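These are my notebook entries on a structure I looked through element by element. I kept each entry to what I looked up.

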Amino acid sequence: MSKPSMSAFVADQHQGDLPAVGETAGVADVNSLSMRLEEHQICFVVPAGARIDAQTLDLPGGILVLGALRGKVTCACGSAIIALGGEFQGSLDAVDIYIEGRVTSKVVSQAPVLTKLRARGVAAAGGGFHSGLVAFSTTSVVQAHVQARAFHIPRQADLKRTVLETLMS
Amino acid sequence: MMDQPTLSLREDGPPAPAFTPVQVVCAMLKSDVVNLSGFGAYEQMDAPAWVPLVQRPFPEEVGAAIVETKGLRMRVLSIPLVALLLCATALAFTVGRLYFQPVSVASPIVWHVESVGLAGLSVMVGARVIQIPVGAVLPSGERLVSVDAPKQSYETPHQRVVLSKRN
């Protein structure tokens, strides 16, 4: 069995063909991921250095977080990208979620109220779902309750008491 | 790089949006790609697919059903348990009585008088002949009071026995 590269892996996500668990194993030979904003339908950017406290953010497409964003974010389509230097806290719902930066949780009376991330995927024409990926970078620092149909978790990712939940059809 | 968006107005109906939100973002970032790092060197786990990895709270109705089932089971089990206990007690009592009851066993000693001598009796006990003098106790538990050798008779406190020879 051939060892897939990371780019091939992500390309598969876009084609809607998640690799079967246990089918592929190996080490990727690329470390960077180049994502086209058009493909991921990014329609909203939190610029670097900006800090947004939003109650509710309903977006028609995806979101790119370069600064700090707190609130309840729903992306009708597209992906949510939390880039390096970006920080998110609250609730985030998108088709796919890519995390390179930080995801923090609110602490209420010394107990964390976990930020909720949900990569719901897209209903396929023939039934079922495709996409629904949450991909963590080696630089990501995440404390959240993460729901997804597929996970990409490198060993170096800092998932401090993060809860992972696989969504079923 | 992306094409520069152009502004166009239509004469009929509301004007179509000149730029899509994605185009705005691309213009703002001056790029149509975003590069992320640290997504390499992954290993895929051999975990079963579609299994929730989060521990859900135990359903209350299931807990209530379990408690109810436990109570029912206790009731169902308690009746045979009490009956079994009573049976065991009765059995133990019976066995105890049988075990400690005094048993009267008939004497296995078989004996008879062989002859009457001057000083006592010759008695055959099993395969052995023993001499019992006057005043001693016979195998039957009686005391030998007196003997009369010529008449081949002897006396105990309760009876007088005369031996007669069979032809």
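The entries below go from confidence to chain A and then to chain B.

**Entry 1: confidence.** I noted at the outset that this is a predicted model. For the complex, I found that the predictor gives an ipTM of 0.73 and a pTM of 0.53. I then looked up chain B, whose mean pLDDT is 79, with 74% of its residues at 70 or more. I keep in mind that where pLDDT is low, the predicted coordinates should not be read in detail.

**Entry 2: chain A overall.** I recorded 1 helix and 20 strands in chain A. The chain has 169 residues, of which 45% count as buried. I also looked up its contacts: among those in chain A with a separation of 6 or more, 30% are between residues 24 or more positions apart.

**Entry 3: Ile52(A).** I located Ile52(A) in strand 3 of chain A, which spans residues 51–59. Leaving aside neighbours within four places in sequence, I found Ile52(A) in contact with Val46(A) and Leu69(A). I also checked Arg70(A), which is 18 residues from Ile52(A) along the chain; their C-alpha atoms are separated by 6.2 Å.

**Entry 4: helix 1 of chain B.** I turned to helix 1 of chain B, residues 21–29, and found Val22(B), Val25(B) and Cys26(B) buried there. These residues lie on the same side of helix 1 of chain B, because they cover an arc of only 100 degrees around the axis. Which element do the buried residues of this helix pack against? I traced them to strand 2 (42–46) of chain A. After helix 1 of chain B comes Lys30(B), for which I noted a positive phi, near 55 degrees.

**Entry 5: a sheet in chain B.** I looked up an open sheet of 3 strands in chain B, ordered 5-6-7 with antiparallel pairing. Strand 5 (146–148) and strand 7 (160–162) of chain B are at the edges with a single partner strand each, so one side of each has no neighbour in the sheet. I recorded an average twist of 15 degrees from one strand to the next. Between strand 6 (residues 153–155) and strand 7 of chain B, which run antiparallel, I found 3 bridges. Looking up Tyr154(B), I found its bridge partner in strand 7 of chain B to be Val161(B).

How values were computed:
Residues numbered from 1 in each chain as written. Chains lettered and ligands numbered in written order. Predicted model: local features only at pLDDT ≥ 70, side-chain atom pairs only at ≥ 80, totals over all residues. Helix = DSSP H or I, 4+ residues; strand = E, 2+ residues; numbered from the N terminus. Buried ≥ 20, exposed ≤ 12 C-beta atoms within 10 Å, placed from the backbone. Contact = placed C-beta atoms within 7 Å. Arc of directions from axis to C-beta. pLDDT = per-residue confidence, 0-100. Pairing = 2+ DSSP bridges. Axes fitted to C-alpha atoms, helices over the stretch in contact; angles between N-to-C directions.
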